[in-house]
Amino acid sequence: MATQLSNGRHSNNTPAISVTHLIKRYPKSKANAVDDVSFDVARGEIFGLLGPNGAGKTTTIGVLTTAILPTGGAASVMAVDVARDPIEVKQRIAVVPQQSNLDRSLKVREILTFHAAYHGVGRKERETLADKLLNELGLGDRKNEKVTRYSGGMAQRLMIARALMHEPDVLFLDEPTNNLDPQSRLFLWERIRALNAAGLTILLTTHDMEEADKLCDRIAIMDHGKILVNDTSSELKKMIPGGTSLQVRASAPLEKQAAIRERILSALNSLGGVKKVEVLDDTEESEPNSLNFHIYADGANTLIGPAAGAVLTAGAEVRDLSVKQPTLEEVFIFLTGRHLR
Amino acid sequence: MEGAHVKRRGNRTLLALNAFVAILQRDITVTGREFIPFLLQALMQPLFFLFIFGKVLPRIGLASHDFAALMLPGIVALTGMIAAMQGVTLPLVLDLGFAREIDDRLLSPLPVWWVALEKVIFGAMRGAVASSVIFPLGRLILGNGFAVRTDRVFILIGMIVLTAFVGSTIGLLMGTVIKPEQISLMFTLIFTPLLFTGCTYYPWGALGRIAWFQVLTLFNPLTYAAEGLRYAMVPPMNGHDFPTLALHWILPALLVSVLLTFLAGARTFYRRVVT
């Protein structure tokens, strides 16, 4: 299911998802749930929508999956307008929601085969595909049970299997690994990457920073219905001023340590771009004669040489130098603030 | 990947019809598996009604022996209607309220209102089955008291189907309007009046002495269903057809009820699933 064959209606260059000036205001609501949002997702991309609760992520997915009508602007999936032709869109997308909506009256395997039948997949084809997917997702030996006996992780895997039964072009995952144990989470990440490698375009929402960082080609951070930033994870991390830092570990003879520390400190502080230098307290692992510094600076990675020079000039030895990148979480908090929602 | 649905895309009406049939098959499969519980749920109450009103009361002299023949059509109407309603309302209230199992069907390539239509058709099938099972069981319980004319059997079948649709469309409307937390209150508020003003336990014509009540019953579609079934079932007495509401009132009333309730129900259904 990997290849993106052109069906003649549009070229492969059109984005898989295109959202332009999208607005959604719910009746009786004072503010727009989605407020003039625009973004594109290229074919074959994994795109992450991040944001605190109530930021407008689920509403955006709702519009793209035809469950919510836009108040203004436009959204299209595989060049099909979601408001004008929802039935066409439904053939091309699959949705894995936050909470299980699996059919509890059916057996596990039937959930897949009926889903495929709704989408017009032939009987033989759907039987074969169901068995294949159940095995791939590690559910093969429990396919005749009902989902009421399934754990959260199994239900999540089953919803992904169901989503793949009609071979969609775009997969929507709404907080796919929320509440899952670490094993299930890792397994799902692997599966998501494999599906993407096979050509599936994926849009996922999450507030798990690690997940976004590891999976997504691009990330948009949303808050109060607006997209604040939209870029690759590494670009986003550059946004924090003085976000990168340099850690320096030096060692000096105990009797001269105090004097050397003062000399290093003033030398480091005078380096270009440095915002702040912290002297770290002796940590448990550090040897008695070691000195630890934490340098916050724009472009801290360019200071490796000068910092080493400062240590040596002061009469100490360099033990370790390392650049620390900010986490996506720091970017997220930086943009959306610390207050609770 | 697009190759896959290039194959399937073809005719969209066909694709939608195919989805519709698959969804109906899903409901039939599920009910088929729970057929005995379904029958118990649908038939318990009517069977006791038949036994008490058709057998016990005439036996102890509190009702005439013709009463069973007059009540049987009412029971058939009521059973069909309630079984149809139950097949739609409760699952829908739970589904739209929190279970959201219906989402998978709503994401199928068919118009959203067809999903509501499927519910109505499936509910009507349940209603018609439940109504039909009353006949053999009625014969068993009532014995000699069981009397049904056989010369209007096609009208009988039509009335059973129509009654079931009346029930399933009301079920759709209720299922889309009621919130899960109101369910028991709403059942009492809607069910009880529907049950007792629907001419199930008494023929409409006999209400002449309580004119206001006779007029009131005309606002209940169950009245027309029960009277229509009486027309089709009650054998002639002393050479005269039993007097009922006229068929040319019954049929339009039932059809209008089905149509209007469906339109209202499909509208609220759409508003619940597409915001």
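Analyst: The C-alpha centres of domain 1 and domain 2 of chain A lie 47 Å apart. Domain 1 of chain A covers 17-237 and domain 2 of chain A covers 245-325; such bounds come from an automatic or database domain assignment.

This is a predicted model: local features need pLDDT of at least 70, side-chain atom pairs count only at pLDDT 80 or more, and totals for chains, interfaces and linings use all residues. Residues are numbered from 1 along each chain as its sequence is written, while chains are lettered from A and ligands numbered from 1 in the order in which they are written.

Now the strand. β7(A) spans residues 170-174. Strands are DSSP runs of E, at least two residues, and helices are runs of H or I, at least four, numbered from the N terminus. Five of the five residues of β7(A) are buried, so the strand is largely enclosed by the rest of the structure. Buried means that 20 or more other C-beta atoms, placed from the backbone, lie within 10 Å of the residue's own. Both faces are covered. Val170(A), Phe172(A) and Asp174(A) are buried on one side, Leu171(A) and Leu173(A) on the other.

Next, the partners. Two strands pair if DSSP finds at least two bridges between them. Strand β6(A), residues 93-96, runs parallel to β7(A), joined by four bridges. Here Leu171(A) faces Ala94(A). Strand β8(A), residues 201-206, is also parallel to β7(A), with five bridges. There Leu171(A) has Ile202(A) as its bridge partner.

β7(A), helix α6(A) (residues 182-197) and β8(A) form a right-handed β-α-β unit. Right-handed means that, with the strands pointing away from the viewer, the path from the first strand over the helix to the second runs clockwise.

Definitions and conventions
A residue is buried if 20 or more other C-beta atoms lie within 10 Å of its own, exposed if 12 or fewer, and partly exposed in between; C-beta atoms are placed from the backbone.
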